[in-house]
Amino acid sequence: MTKSNALTPEDQALRAGFEAAYERELAQSSHGPTPQAALHAAALACRETLARRWAATQADDARRGERAPVRRVHYLSMEFLMGRALSNALAALRLTEPLQAKLAEQGLSLGEVLEREPDAALGNGGLGRLAACFLDSFAELGLPSFGYGLRYRYGMFAQAIQQGRQLELPDDWMRDAPAWELPRHDLRYAVGFGGRVEVDASGVRRWLPAESIEAQAFDFIVPAHRGERVSTLRQWQAMAAPIAFKPFCDGDYAGAAREQTLADALNWVLYPDDSTEQGRELRLKQEAFLVSASLQDLIARHLREHETSGGSLHNLGRTNAIHLNDTHPALAPAELMRLLLDEHGLGWDEAWKITRQAVAYTNHTLMPEALETWALRLFEQLLPRHLEIIYEINHRFLDEVRARFPGDHGLAARVSLIDEGSHGGERRVRMAALALVASHRVNGVAALHSELMVQTIFADYARLWPERFHNVTNGVTPRRWLQQANPQLSALLDGRIGDGWRRDLAELAELAPLAAHPGLVEEFLAVKRANKQRLAGVIRGELGLAVNVDSLFDVQIKRIHEYKRQLLNLLHVIHRYQAIRDNPDAPWVPRTVIIGGKAASAYQMAKSIVRLAHDVARVVNSDPRVGDRLKLVFLPNYGVSLAEAIIPAADLSEQISTAGTEASGTGNMKFGMNGALTIGTWDGANIEMAQAMGVENMFVFGLRADAVAKIKQLGYDPRLYVEENRQLKRVIDAISAGVFSNGDTERYRQLVDSLLHRDVYLLMADFADYVATQARVDALFADRAAWGQRALRNIAGMGPFSSDRTVADYVERVWAQKTLN
């Protein structure tokens with residue numbers, strides 16, 4: 001059964017309203033129907049409908065009452081990587097065809113209009129993209145919810161490449177005034193910093209901030225595709241007081257604007273470089289600004305909706321869930337306590353009960369260094385009242401620990417919210433510990449991650465509260481990552497198994513018994529080739545490089561980090577290059593290796609890996625003896641829209657982190673849905689994907705997490721692996737000798753020394769198995785039909801990895817009222 005194209009009267013009315021609004025907005029353009037004007041008009045026309053649906057959604061949610069089975073969810077995240085909005089809105093509202101018709105009348109195409117929209121630069125990597133997928137699922141599942149983030153003016157940065165080096169530039173995505181935002185001028189909250197705490201005559205402690213900045217709300221509406229519900233991303237914009245007039249009159253214009261500049265800086269950049277004291281202060285202020293504005297908004301809404309029952313806060317935790325997406329918003333428990341104690345007059349015990357009911361925490365990393373901590377002196381300087389509350393939480397918590405485990409002073413020190421300088425450093429506030437102590441539920445994001453989480457970084461806390469920890473495996477929205485990114489594959493699936501998978505991704509399993517059908521395999525491979533041709537056009541337009549669309553497209557796109565092991569990928573490229581030069585007449589399977597991702601501005605090793613990728617590409621791609629047998633492509637400024645072009649075209653997905661380091665991964669799921677085979681370690685969600693599709697359908701290599709731990713415990717010497725493997729030694733020697741750096745033997749000395757003397761992520765130990773597994777990839781790709789069958793089985797196994805399933809799991813285990821009983 002395929003989709004019905006019949007329009008209901010409601011659909012017809014919606015289309016008529018859209019067309020009228022589009023014509024009205026376009027008529028106001030100074031330059032007539034240009035692509036930019038058409039984009040703006042279409043966005044505003046969609047926004048009218050979305051705003052009406054938003055009002056209806058809020059009215060429905062307000063009528064739920066305190067006995068509703070699911071609490072309203074408030075999802076706090078420092079980033080939401082939204083991508084473009086118009087194509088998603090058109091698909092959800094079923095307005096793609098009428099807009100195409102209107103554009104054709106004006107001599108425009110939908111493609112050129114969609115391309116004018118910049119990606120909303122509100123996120124960076126998997127954390128932000130997961131949050132964006134959740135907003136999509138919140139709408140689709142009708143979940144009462146708000147996402148809360150900051151309105152970044154310049155994103156993290158726009159990545160440019162100059163002579164192989166990464167340059168960071170402002171991502172000026174708001175230059176043309178985003179049409180999707182709805183400013184909420186009536187929603188402003190004061191957020192304080194600095195100052196002092198005083199005690200009044202009645203003994204009540206009051207914080208007197210030295211600085212106050214207003215947070216104004218801007219809403220970004222995310223529509224459901226099947227239904228009229230929407231979800232909301234509420235972003236906060238810092239609004240400073242007017243200029244200081246006396247310095248202005250004295251000619252001190254910089255001094256007059258000082259407060260405005262300090263406020264504006266809160267919204268300039270996601271994750272400012274924290275290698276300086278100023279950068280660290282700005283990051284902490286950003287986190288406090290997000291948390292305070294969001295919780296004030298939550299409380300104001302709760303009181304407004306419960307006016308008829310006296311406006312009580314006593315049931316706030318039973319009707320509202322506050323979810324912390326990783327450690328960045330972990331200040332939330334302290335800020336909620338401050339608001340309940342100081343602003344609303346609750347006692348400590350009741351405030352703490354409400355906080356514990358409301359707060360839950362998702363951890364996204366197993367790396368201790370990634371668990372945020374803040375210097376106590378900085379906390380005291382910026383957030384003195386919050387520090388007092390954290391001290392009190394810690395005091396009560398440690399009293400409980402000592403009562404349960406008398407004499408175990410080591411345990412108390414390890415779980416304390418305050419690191420007393422255990423490694424010879426200054427005293428610090430442990431933000432993950434605050435989140436753990438205050439949360440009623442704590443989860444990891446893949447089965448292995450959740451297991452290792454309670455065995456390693458949070459072992460002591462799991463000993464205290466084993467019932468608090470659980471797993472919710474990540475998922476991605478199939479609406480953006482399959483239906484919109486790959487319409488040809490979606491149509492093929494509709495034709496073969498019906499369109500039920502669009503409502504319930506589990507129905508992809510119906511593809512499995514059809515995977516060996518020759519006709520289906522040929523249709524799938526034709527769709528894949530068409531997607532590869534489109535990506536080849538992007539590569540040629542971006543880099544001026546022609547690639548062979550019949551080669552194996554081998555893709556690794558994610559933020560550049562040592563544990564994600566883009567460097568291992570490059571080592572294999574160099575080995576392959578050397579082998580082709582040695583024996584160019586061998587029956588090589590042509591391969592195009594495609595890498596994309598940003599390195600954090602202060603992360604020098606990651607930036608060195610980016611430069612090496614470009615150096616290797618320059619040598620490989622210009623060698624006539626290699627030709628089309630091997631190409632290396634680095635696509636700059638990786639983001640959502642670029643991913644939407646790359647993922648449908650990928651034959652092979654590289655998910656090669658060191659086992660036990662990747663929390664989950666979601667790119668692996670997007671690739672799998674689009675029929676790419678995975679080469680990966682037994683890590684993160686790779687494991688559950690392999691189990692769902694059959695491990696024989698994934699190219700698994702490398703040490704398992706237990707073997708990684710054991711080899712490190714016994715004493716790992718990477719030089720032994722290099723000396724015992726002539727292929728690996730030759731690769732390392734070529735980098736050291738400057739073969740790829742114009743004879744400059746110093747350029748990659750630090751990188752090579754790291755591999756030979758530390759190799760924290762065990763690239764040397766996994767290299768041989770990685771190369772051998774890549775040979776298996778070649779062998780299967782040479783058999784076109786067998787490759788297509790396996791790709792179809794991958795798609796058939798991706799049903800469990802929808803963000804709809806993930807959100808439903810959170811509802812069942814964390815956000816439903818019953819989880820508090």
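Here is a friendly chat about cavities, a surface patch and salt bridges in this predicted model.

Colleague: How many cavities of 30 Å³ or more does the structure hold?
Modeller: A cavity here is a set of points where a 1.4 Å probe fits but cannot get out. Counting those of 30 Å³ or more, the structure holds seven.

Colleague: Which helix gives the most to the lining of the largest cavity?
Modeller: Let's begin with the space itself, which is about 220 Å³ in the largest cavity. Its lining has 17 residues, and among those closest to the centre are Glu117 and Trp180. With four residues, the helix that gives the most to this lining is helix 2 (residues 35–62).

Colleague: Is isoleucine 243 buried, partly exposed or exposed?
Modeller: Isoleucine 243 sits in the loop between strand 9 (230–239) and helix 7 (245–249). Together with Phe245, Phe248 and Tyr253, Ile243 makes a nonpolar surface patch of about 430 Å². Buried would need under 20% relative accessible area and exposed over 50%. Because its relative accessibility is 33%, isoleucine 243 counts as partly exposed.

Colleague: How many residues apart in sequence are the parts that glutamate 214 and arginine 188 tie together?
Modeller: Side chains of opposite charge can pair when their charged atoms come close. Glutamate 214 and arginine 188 form a salt bridge, with their closest N and O atoms 3.0 Å apart. Glutamate 214 belongs to strand 8 (residues 211–223) and arginine 188 to strand 5 (residues 181–193), so the pair ties together parts whose separation in sequence is 26 residues.

Colleague: Are aspartate 250 and lysine 246 buried or exposed?
Modeller: These two side chains meet in a salt bridge at 2.7 Å, N to O. Aspartate 250 has a relative accessible area of 53%, and lysine 246 has 56%. Since the cut-off for this class is over 50%, aspartate 250 and lysine 246 are both exposed.

Colleague: Are aspartate 494 and arginine 502 buried or exposed?
Modeller: The side chains of aspartate 494 and arginine 502 also meet in a salt bridge, at 2.8 Å from N to O. Aspartate 494 and arginine 502 are both buried.

Colleague: Which residues do salt bridges that share partners join into one network?
Modeller: The count for the structure comes to 66 salt bridges. Some of them share partners, and one network made this way joins Arg184, Asp219, Arg234, Asp297 and Arg301.

Conventions:
Residues numbered from 1 in each chain as written. Predicted model: local features only at pLDDT ≥ 70, side-chain atom pairs only at ≥ 80, totals over all residues. Heavy atoms only, no water. 1 Å grid on protein atoms, 1.4 Å probe; cavity = no way out; pocket = protein on both sides within 12 Å on 5 of 7 lines; lining within 4 Å. Points joined across faces, edges and corners; volume = space filled by probe spheres on them. Helix = DSSP H or I, 4+ residues; strand = E, 2+ residues; numbered from the N terminus. Patch = residues over 30% accessible without salt bridge, like charges linked within 9 Å, V, L, I, M, F, W, Y side chains within 5 Å. Areas by Shrake-Rupley, 256 points an atom, 1.4 Å probe, with all protein chains shown as cover. Salt bridge = Lys/Arg side-chain N within 4 Å of Asp/Glu carboxyl O. Buried < 20%, exposed > 50% of the residue type's maximum accessible area, 1.4 Å probe, protein only.
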